[in-house]
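Student: I am new to this structure and would be grateful for a close look at its aromatic rings and the sheet around them. Please take me through that part step by step.

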Amino acid sequence: MKNLKTILFALLAIFTLTACPPDPEPENFLNVEETRISFTNIEDYGYIYVYANVDWTASSNESWCKVSYYSEAIRISVEENTSTKSREAIITVEGGGITKRIYVSQEGVTPQPQNYGIDDPHNTESDQPAYSRQDFAGN
């Protein structure tokens, strides 16, 4: 009888030790809410949330596009674009061996149409005579 109790106790101990493996370590994850953000030509900013279970950093590859941290998000600030050409930057978010990229685009200034004085009867800078349709009405 003593032998039977010893065997049962040993089986119970083996079952208890092998039945419940330890919880696995969670895998590292790092994700960004958006992978693209666009701005008009004016000085502006926007936020993109970062979801991660690791420490992370963010940096920009262009000086006109700055990154700062705001709680669980990054603030992307852009300087005014005075050029007529649009421009692009890449924000790199890294942590736990994972890299995510956010593509930033900013429009250029829209060129204003030039008035060459053809339809302006008050233009004094043009060497073209300024006429209006009313000058020819009734003649």
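**Aromatic rings and the sheet**

Tutor: In this predicted model, the charged end of arginine 87 is placed over the ring of tryptophan 64, at 4.2 Å from its centre.

A pair of aromatic rings is described by the distance of the centres and the angle of the planes. Searching the whole structure gives 3 aromatic pairs. In one of them, tyrosine 45 and tyrosine 47 have ring centres 5.8 Å apart and planes at 80°; because planes over 60 degrees apart count as edge-to-face, this pair is edge-to-face. Tyrosine 45 is partly exposed, its relative accessible area being 43%, and tyrosine 47 is partly exposed as well, at 33%. Tryptophan 56 and tyrosine 69 form a tilted pair, with 5.5 Å from centre to centre and 55° between the planes. This pair links distant parts of the chain, 13 residues apart: tryptophan 56 is in the loop between β3 and β4 (57–60), and tyrosine 69 is in strand β5. Tyrosine 69 is partly exposed, with a relative accessible area of 47%. Tyr45, Tyr47 and Tyr70 make up one aromatic cluster.

Now the sheet. Its 4 strands are arranged in the order β1-β3-β6-β5, and the sheet is open with antiparallel pairing. β1 (30–32) and β5 (65–70) stand at the edges with a single partner strand each, so one side of each has no neighbour in the sheet. From one strand to the next, the twist averages 25°. Strands β3 (residues 44–52) and β6 (residues 73–78) pair over 6 bridges, and the bridge partner of aspartate 44 in β6 is valine 78.

Note on methods:
Residues are numbered from 1 along each chain as its sequence is written. This is a predicted model: local features need pLDDT of at least 70, side-chain atom pairs count only at pLDDT 80 or more; totals for chains, interfaces and linings use all residues. Side-chain values use heavy atoms; hydrogens and water are left out. Two strands pair if DSSP finds at least two bridges between them. Helices (H or I, at least four residues) and strands (E, at least two) are DSSP runs, numbered from the N terminus. Axes are lines fitted to C-alpha atoms, for helices over the stretch in contact, and angles run from 0 to 180 degrees between N-to-C directions. Rings of Phe, Tyr and Trp (its six-membered ring) pair if their centres lie within 6.5 Å; planes under 30 degrees apart count as stacked, over 60 as edge-to-face and the rest as tilted. Buried means under 20% relative accessible area, exposed over 50%, partly exposed in between (1.4 Å probe, protein chains only). A charge sits over a ring if NZ of Lys or CZ of Arg is within 6 Å of the ring centre and within 35 degrees of the ring normal.
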